[in-house]
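I opened the model and kept short notes on what I looked up. The entries follow in the order in which I made them.

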Amino acid sequence: MNTEQYTIQTEPYYQSQGREVALYEAAYAARLPVMVKGPTGCGKSRFVEYMAWKLKRPLITVACNEDMTASDLVGRYLLDANGTRWLDGPLTTAARIGAICYLDEIVEARQDTTVVIHPLTDHRRVLPLDKKGELIAAHPDFQLVISYNPGYQSLMKELKQSTKQRFVGFDFDYPEAELETLILAKETGLDAAMAGRLVKIAGVARNLKGHGLDEGISTRLLVYAATLIKHGVAAQDACRMALVRPLTDDADIRETLDHAIDSTFA
Amino acid sequence: MTEIPLIVPIGTLPVTEYQHPLMQAYWVQLDTQFKPVEEVFEAVMEEALALLTRAGIKDYLDAARLIGKLGRGAEPMLAFLEAWPSAASTLGEAALPEIMAVIDKMQRSPNSKAITPFLQTLAPVARSVQTQAQMQHYLALTLDFMERTTGSIHGHHTTFPSPGLPDFLLQAPFLLSQLSLGGLKNWVEYGVRNYRSHPERQIDYFTVQSADSRAVLQRERHGTLFMDVERRLDLYLRGLWQDSDQLVPYSSAYDEIRKPIPYYDKLGLRVPDVFDDRAGVTGMDRYRVVLAHMIGHRRWTTTQVADNWSPFQRMAVEFFEDCRVETLLCREYPGLHRLLLALHPHPVEAACDPLTTSCLRHRLAMLSRALLDPQHGYHDADLLDFTARFHALMAEGEASTGAIATLALSYVARTRRQTDQLAKVHFDDTVIDYRDDNRQMWRFIEEDDEGEIADQHRKMDKSEELKGLPPRHYPEWDYQSQTYRPDWASVYEGLHPSGNAGDIDSLLQKHGALAKRLKKMLDLLKPQDKVRIRYQEEGSELDLDVALRSLIDFKGGAQPDTRINMSHRTDGRDIAVLLLVDLSESLNEKVAGSEQTILELSQEAVSLLAWAIEHLGDPFAIAGFHSNTRHEVRYQHIKGFSEHFDDTVKGRLAAMQAGYSTRMGAAIRHAAHYLGGKKADKKLLLVLTDGQPADVDVHDERLLIEDARQAVKEVDREGIFTYCINLDPKADEYVADIFGRQYSVIDNIQRLPERLPELFLALTK
């Protein structure tokens, strides 16, 4: 199997916000399953990618959705000319080759699907393949990482306690203003003053969370805006286009944010 | 106007002799003997000669003579003589015939009393409307108003004068200062329509005394209304300033002399209820600037003890501190600077003469401008010095209120003049209207103590207030103008009195057979709807569609979908029901061919329905309503959603009584307010009534029907399905108007007890 394709070749840019890198290394040393929580676009996936690069482990990412079944994770039999053939799913592959398996937005998957990860995430570290009649003992380097966004506030999108309590957790949030400015400047090459203004506008939107906005402006959107500005788009236009329009359809909030943009870029 | 002393003694001669022959000729032309006119004639002629053309003078005097001959005394003539020259200078002299036509019409109707106020307010009205075309609208409006409110007997003659017209004309300058002509028209329209047959209330309305007069006035005002932008302002506070204090509007319409100033206190940030656009800044932005300024004080200003400082010193400290706060605000959001400069006055340096006038305000306003605006263009040495010192102080950081006060005090010491004490104060261009009154900046050690004691006296005894729920106000739809009457109906909610629960039990027993039949239907209705769930890897049966598709994928070499099964689950009911029972007087009538009243039959029907729904387990509430004019719509709670159909509820049902009228719209709105709060897939509002909506204070039959129809539309938008069960055999005339197709008319009322539950079950199957 070509494990090379799962390896991250170049160092992804990641700016640590605290001690999370060291803590993750400790968790990996003990091969503990990890959960990263936080609002959308705050750097969860980037963090996992960075850690995989740092630990020099292959990374297999699965974006979860509500139509995903256990077979999509574990693998299934396929028919072929000679009868049937087993095809490993991403989770099985990761367990075999000793990769980090990253289940992104795990709450999107149906609850019966998430149960298949249970035997992998406790002391057993095994993955039973019922249909194939095989019990895979996980590779010593295998680790499971899940991410979810607790901000949905929906009863349906909640992890079961039995799933939650198998992980050690990292809480992510948008970085402090100074740090976020630094991240923006580094990621896109924008000058610090302009980056600072973008972060300020993001702060305005984050203050409105819960008052008509489900989520504030994410770091990811800020990066988009910064990229646009870097490409020569006028700052106000870039902000409206990248920060405000995708965020909301509420006219009042849009006007408030537009005003914030105009006030910031005088 | 310069006063010219009259040389000739007045009132002794039949015809006054004026020194100037021309004046004498004018006097003859005016042809009057009114003494009050004589006293002012020379003065008004001075003004007229300055403002009117030669032909205009002739028309002016002719018109005045005509008005003098109307037989209404000297007043109209005086008013006209004084008003016309200045009115003509704004409207043009060509407007005169139209005005005379209005006077003529007033004279020919019983409304001749209105001529004086009409002429008295002509000049300020002319200043407000500006053009002749606009004036025509105003005149047309006045005439329309007059014609519609002038009373008639048997429709033949107009015999009673319009009660509201003179007051309206007196109020016109104020109204036009608040409203555009279009707004004025709407305001007048509302008053005429609703109070045409109420002389006293009409007067209250047109003197801007009554509550709804003010409410409608507020609604029609020009500018950015607080109520329209409240949420945006709230978001602005939260988003840009991380502040979530209450915004409290104050009225700016009724204080002409002393305009209220924004301020903040424990209860919240006080802002005016309306802002016109000014100096290229929108009303919305003016609100934002006002809020930002107050937030600035809250962030950076520390309270100062005021007792040891003179009023002038305090004023200077306030100006300096305001500028400090604004500088800091602009550091936060540079875009604010443009708005501040646009709104801040730019006093002309030489506008104030320090020898005759107190220039303190002027100096401080210039300084304030200079502190904010690098391009201020002033040359005063002290001003430049202190501007530099201010900027040096601010360059070090945020500075502090104390440090800025020190700077301000030394400014006062340096620039003090004797003439600052003069009573004549230069006010022009010194009012900075977005700043608050700085009351939070000062602490008065002495007065404060007294203040607290006074406050303690004023504490209210709260136990008095908590009897019964306060009324809720609902608007009412006026179909003629297609507008809502704001806060029109007051709904008082109360617990229905209780009776003997056993009565209801015996009623249910009486309908035992019917109950049995209903029970069968209920069992059928219990949640057993099957819902197919497709795309199942494992399920109860094969989903052929998907299986075939998978096979084709497979044959074609693509990844087949393995979820080819489907399964079923039973679906639950999720319906919240509120039954609204009309308890108006007409329910006490006996049903034809029966000993029972409609009320008794309703009681039975409602009991059976409640019993049935209780079995079904749907959330269910019952309320009764009747009304005694719009001021008293009673909404009686019989069963709440969380209550079971137990003895308490049965007791209330047993005590059901009928009386008064049917104001259906308000009751529907109030019921929807409860139903809207329920979390359910389907919300059903059942209205059980025996007649059309009506109330003793409404003479227009259609009005309450249209209002109810509007209420149904409103609640429909909230996702509430309204259904009417009507017991009036003649209901077809109106019930479809209100409820569309969502109604049943029960002709045979005796069958109501069985029909009502059946209807419900059919509706929710």
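Which residue does Gly494(B) stand opposite in E17(B)? I looked it up and found Gln636(B).

Before going on, I noted that this is a predicted model, in which local features need pLDDT of at least 70 and side-chain atom pairs count only at pLDDT 80 or more, while totals for chains, interfaces and linings use all residues. Residues are numbered from 1 along each chain as its sequence is written, and chains are lettered from A and ligands numbered from 1 in the order in which they are written.

Entry on the sheet. I checked the terms: helices (H or I, at least four residues) and strands (E, at least two) are DSSP runs numbered from the N terminus, and two strands pair if DSSP finds at least two bridges between them. In chain B I traced an open sheet of 8 strands with mixed pairing, in the order E10-E11-E17-E16-E15-E18-E19-E20. Strands E10 (472–478) and E20 (743–745) of chain B are at the edges and have a single partner strand each, so one side of each is left without a neighbour in the sheet. From one strand to the next, the twist averages 25°; axes are lines fitted to C-alpha atoms, for helices over the stretch in contact, and angles run from 0 to 180 degrees between N-to-C directions.

I then looked at one pair in chain B: E11 (residues 483–495) and E17 (residues 633–639) are parallel, over 5 bridges.

Entry on a helix. H24 (residues 598–616) of chain B lies across E15 (575–582), E16 (620–627), E17 and E18 (682–689) of chain B. I read its angle to E15(B) as about 170°.

Entry on the chain contact. Two residues are in contact if their C-beta atoms, placed from the backbone, lie within 7 Å. I found 19 residues from chain B and 21 residues from chain A in the contact. On the side of chain B that touches chain A, H13 (226–241) and H16 (336–343) of chain B each supply at least two residues. The largest share of that side, 7 residues, comes from H13(B).

Entry on phi. Most residues other than glycine have a negative phi. I looked up Arg31(A), which is not a glycine and has a positive phi near 55°. Arg31(A) is in the loop between H1 (20–29) and E1 (34–37) of chain A. Tyr535(B), also not a glycine, has a positive phi of about 55°, and its place is in strand E12 (residues 529–536) of chain B.
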